[in-house]
Amino acid sequence: MRGGVPQPLCSDLEKRLSKQLLLPPKDALQYSKELIGACTYLYEKGIIHRDIKPANLLLKKEHLKISDFGVERLLEQDSRNTFKNGTVAGSPCYMAPEVLR
């Protein structure tokens, strides 16, 4: 609590980057390692997130956690990045170029 106002339990990387464009190298390395570890874990469980972006990376006690699994898919499912109605899954600005072809 600050000044009697409850503080959020966590923030996201997008909010941090809006306040501090360049992360200290130590933080950037830590977040990168945590993100790689989390994505590796998901992949080993057969899950692909499909919307990794700063707004979906929560920071809690300076540790990175992935959030928003709304467009994830299982590896056994159709490998295309689209839904049945033809809409693309994910955030275009953060998609790999091969997904957008």
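1. Of the 101 residues in the chain, 26% are buried, where buried means under 20% relative accessible area, exposed means over 50%, and partly exposed lies in between, with a 1.4 Å probe and protein chains only. This is a predicted model, in which local features need pLDDT of at least 70 and side-chain atom pairs count only at pLDDT 80 or more, while totals for chains, interfaces and linings use all residues. Residues are numbered from 1 along each chain as its sequence is written, and side-chain values use heavy atoms, with hydrogens and water left out.

2. The chain holds three helices and five strands, which are DSSP runs numbered from the N terminus, with helices being H or I of at least four residues and strands being E of at least two. Read from the N terminus on, the elements follow the order β-α-α-β-β-β-β-α. Among contacts with a separation of 6 or more, 52% join residues 24 or more positions apart, a contact being heavy atoms within 4.5 Å.

3. Three of the strands make an open sheet in the order β1-β3-β4, and their pairing is antiparallel; two strands pair if DSSP finds at least two bridges between them. The strands β1 (11-12) and β4 (63-66) stand at the edges with a single partner strand each, so one side of each has no neighbour in the sheet. Two bridges link β1 with β3 (residues 57-60) in the antiparallel sense, and aspartate 12 stands opposite leucine 58 in β3.

4. Most residues other than glycine have a negative phi. Lysine 61, however, has a positive phi of about 50 degrees although it is not a glycine, and glutamate 62 also has a positive phi, near 65 degrees. Lysine 61 is exposed, with a relative accessible area of 73%, whereas glutamate 62 is partly exposed at 44%.

5. Helix α2 (residues 25-44) lies across β3 and β4 and runs at about 30 degrees to β4; axes here are lines fitted to C-alpha atoms, for helices over the stretch in contact, and angles run from 0 to 180 degrees between N-to-C directions. β4 has a covered face made of Leu64 and Ile66, and an uncovered face made of His63 and Lys65.

6. The largest nonpolar core has nine residues, namely Leu13, Leu23, Tyr31, Leu35, Leu42, Leu57, Leu59, Leu64 and Ile66. Such a core is a set of buried Ala, Val, Leu, Ile, Met, Phe, Trp, Tyr and Cys residues joined through side-chain atoms within 4.5 Å. The elements giving two or more residues to this core are α2, β3 and β4, and α2 gives the most, with three residues.

7. Leaving aside its neighbours within four places in sequence, leucine 35 is in contact with Ile52, Leu57, Leu64 and Ile66. Isoleucine 52 sits in the loop between β2 (47-48) and β3, and is partly exposed, with a relative accessible area of 27%. The C-alpha atoms of isoleucine 52 and isoleucine 66 are separated by 7.8 Å, although the two residues are 14 residues apart along the chain.
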